[in-house]
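Dear colleague,

I am handing over the structure below, together with a short account of what was found in it. Please read the account alongside the sequence and the model.

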Amino acid sequence: MIPTVDPLFVGDVLDLLTSPGDVSSVLIEGFAKASLYLMIASGLTLIFGLMDVINFAHGAFTMYGAYIAAGLMLGLVTASMGWATVMLVFLFVLVVVFALLAALGTIFEVTLVRKLYEYPPIYQILLTFGITITMEQFMRMIVEFRDINNGQWNLDWASPRRQTLPSELGDSELLFVEFTNLQLFEILLGVLTAVGIWAFLNRTRYGLFVRAGVEDEEMAKALGINVQRTFTVVFAVGSGIAGAAGVVLMWDPLWSVSVPLALDVLLPAFVIVIVGGLGSFKGTVVASLLVGMIDALGTWAFTTGVIEFTGLEELMIFSILVVMLILQPRGLFGVEGQGDHG
Amino acid sequence: MSADAAHQYEPDSWPVQYLQDHAIHIAVVLVFLAYPFAYDVLVDLFALTAEMILPEPDTMLMVFVLGLFAMSFDFVSGYTGYLSFGHAAFFGIGAYFVVLGYNGQLPIVPAEFPFLALLLLGAVVAALFALLVGLLAFRLSGVYFAMITLGITEIMYVISQHWDYLTPGNSDPATGTTAGGANLADFEPMIGIPFIDPLNANVHPGFGDTSILGIEFGDSVIVAYLLVGLLVLICYFLMQRIIHSPFGRVMIAIRENEERAKAIGYNVFYYKIGAFMIAAFFGAVAGALLIVIEGTASPDTTLFFLVTGFALVATIIGGLGTLAGPLFGYIFLESVNEFLTREASGGGLQPWLQEVLPESVLTATIGGITVDGAMDAFMTGHGEFYAGIIFVVFVLYVPVGMLGTLRLRLGSETVARSVSRRIGRLRADDTTGEVDTDPPAETETEAGADESD
């Protein structure tokens, strides 16, 4: 069905607004989704902000992160572990995946991306798009060969979630609000990501270089900053965050460990980065919240039967993109001229 | 000046000059024309070796369609510099228009409307849709333009996955819909001169006619190959004419320096929208032709982001900003794909190796798996993986693509023009024995320099 609005729509919304429990549930879900979106998109925005490189391989990094994490978790977690131990293992896996993907990102930057900085931006899109295809097909090959998920690369590989997600992260209720502890955990990780990147940009030496490079690359070079190495570090950090996002998506029931995850992640990430304004981290945070909340509202509308259209969330996300580009092409906090060329 | 010298400069009559100008086009068309027959002969002669290297006529049929789509993508992206990242929208409109029209689901259009009319109508609808999209999108440039076209197409993709109207009879819209309902053989796309029965042929491969104008080919695939090829050829020439018209010059000017084009006094907005509409028109024609071959339209084969993605890959391999390049890019891509498939679909590397290599090599084990098993796992059916690597190599080392490189080698002019001039020189040698009839080259090289990039 195309979106059909129930005549009782207004009444339903009133019901929602007058029920504090529902409102809080939607809000918590919105924040949890926003956290995931933030983790997905922030690597992309870091890389774009400094290097003007639209990294199409971003989604593939997340997908690899998810697969590696799933494999590690299945290997490390045993049924007898308590939930605290599982969480520790999870954090360990998060760090390992971050390091692995950062290393992979470094290799790509040094051997491939670096060659194309002088070219028009379209060539970086092309290169990273080629990397995506190759990475995706390579994972497909491995999945079929190792017979992971019965060799079905396009279906949700649910066993990492089923077998390793501690039941303590399941449903929970506080006062009259229903939520899952996993959502709280995701929100925590999202806040940590935001604070971590903020601290990286504002409290570290490389963050200073990054901001200087964004502001005026020529001047930064003239002042003796090794912009080349800064590029490498930022690409590595961005790739690492993309991989870490995959680790979290592995547990989330609304996402899945599958090869098409690469594209499923990439397109919303683009939307958030563009809506927030290319190269603005503040914009990315705000856009993640916006998209997360609207996504949660869409889910609520569907589950309560206000709107009977299964693709609603995706539809909303891309509608936000189009509307934003029509009204304010630079995004919420975008800088004039950024991304205009090519 | 003597009478002899005057005679020497006398121009050829225009048909001769025209043939000379299009020598390379004619040669390429002849090669394509002969291909399906040559394929049979070569396979007879060299058996599996030929089957391994050459793509099947079946595959070539698909190459024509996707190649036309990639050309239309290149028409706007390569010549105006605006990356039409949502080009699959037009492909999808063309494809779904034919299916829905054939199934009698379109509002005003009567059922049993001829295929060609549906194709044209769908293309016009796509062009009008492009007008709407263009009015919004051409206020932006660069990444933003690419993203808004992508966003609109993704919205269409999501809707097409869930919209029951597209699939009558309770089937899942995400799995697609078939022209002619349950029985694919009922679908009879006719290509030819409308309303004159003998000049029409049913081009549905596998079910259609096996003869054109009374000439028997014995294989419906060859009939489809020839007639679909003819349509693609017509589309190519229309686009080629537009590129070489004053309109096309302005498109190139926009790519090279939009500010300057504006300063000279061109209303670049109209030119960009015009180019976008033309590209949408031909993209939709390609979509309609896809239905001829596949018989079905599904969101994943028409409106999906990767449909545009692979058109982009083919365009880069063939040469961005060379109109014929994308077609050759697709031939290359599909050849790689077919090279790495199993015997059942056209022969490939593995069947060939299985025949050529001795049994002991095939069953030798490396790290726990046999050589044959390793080929199964890492080679066969994974053409896209190797195509991806080839694509990356192209972007890094051959950024202008195959035709683009050829063009640069020939001194920044289009390949067709260079060949034509060489032939002209040769003929001048034959008749006069002197080399002094180089045509006034200024305008040509100037124009050529614009086009090569």
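With which residue does Asp295(A) form a salt bridge? The partner is Lys33(A), and the closest N and O atoms of the two are 3.1 Å apart. Please note that this is a predicted model.

Salt bridges in chain A

Asp295(A) belongs to helix α12 (residues 281–303) of chain A, whereas Lys33(A) belongs to helix α2 (residues 20–51) of chain A, so their pairing ties together parts that are 262 residues apart in sequence. Both Asp295(A) and Lys33(A) are buried. Over all chains, the count comes to seven salt bridges.

Salt bridges in chain B

Two further pairs may be of interest. In one of them, the side chains of Arg255(B) and Glu256(B) meet, with an N to O distance of 3.1 Å. Arg255(B) has a relative accessible area of 17% and is therefore buried, the limit being under 20%. Glu256(B), in contrast, is partly exposed, at 43% relative accessibility.

The other pair is Glu259(B) with Lys262(B), whose closest N and O atoms are 3.9 Å apart. These two residues lie three residues apart in helix α11 (residues 258–264) of chain B, which means that about one helical turn separates them. Glu259(B) counts as exposed because its relative accessibility is 55%, and the cut-off is over 50%. Lys262(B) is partly exposed, with a relative accessible area of 42%.

A helix pair in chain B

Helix α6 (residues 88–102) of chain B and helix α7 (residues 115–137) of chain B have axes that come within 9 Å and cross at roughly 140°. This angle makes α6(B) oblique to α7(B). Their crossing is right-handed. On the side of α6(B), the residues in contact include Phe90(B), Ile93(B) and Phe97(B), and on the side of α7(B) they include Leu118(B), Gly122(B) and Phe129(B). The residues of this contact comprise 14 nonpolar, two polar and no charged.

A buried threonine in chain A

Finally, Thr62(A) is found in helix α3 (residues 58–76) of chain A. Thr62(A) is buried, since its relative accessible area is 0%. Apart from its neighbours within four places in sequence, Thr62(A) is in contact with several residues, among them Ala242(A), Gly246(A), Leu249(A), Leu261(A) and Val265(A).

With kind regards

Terms used:
Residues are numbered from 1 along each chain as its sequence is written. Chains are lettered from A and ligands numbered from 1 in the order in which they are written. This is a predicted model: local features need pLDDT of at least 70, side-chain atom pairs count only at pLDDT 80 or more; totals for chains, interfaces and linings use all residues. Side-chain values use heavy atoms; hydrogens and water are left out. Axes are lines fitted to C-alpha atoms, for helices over the stretch in contact, and angles run from 0 to 180 degrees between N-to-C directions. Helices (H or I, at least four residues) and strands (E, at least two) are DSSP runs, numbered from the N terminus. Angles under 35 degrees count as roughly parallel, over 145 as roughly antiparallel, 65 to 115 as roughly perpendicular and the rest as oblique. A crossing is left-handed if the near helix is turned anticlockwise from the far one by less than a right angle, and right-handed if clockwise. Contact means heavy atoms within 4.5 Å. Ala, Val, Leu, Ile, Met, Phe, Trp, Tyr, Cys and Pro count as nonpolar, Asp, Glu, Lys and Arg as charged, and the others, Gly among them, as polar. Buried means under 20% relative accessible area, exposed over 50%, partly exposed in between (1.4 Å probe, protein chains only). A salt bridge is a side-chain nitrogen of Lys or Arg within 4 Å of a carboxyl oxygen of Asp or Glu.
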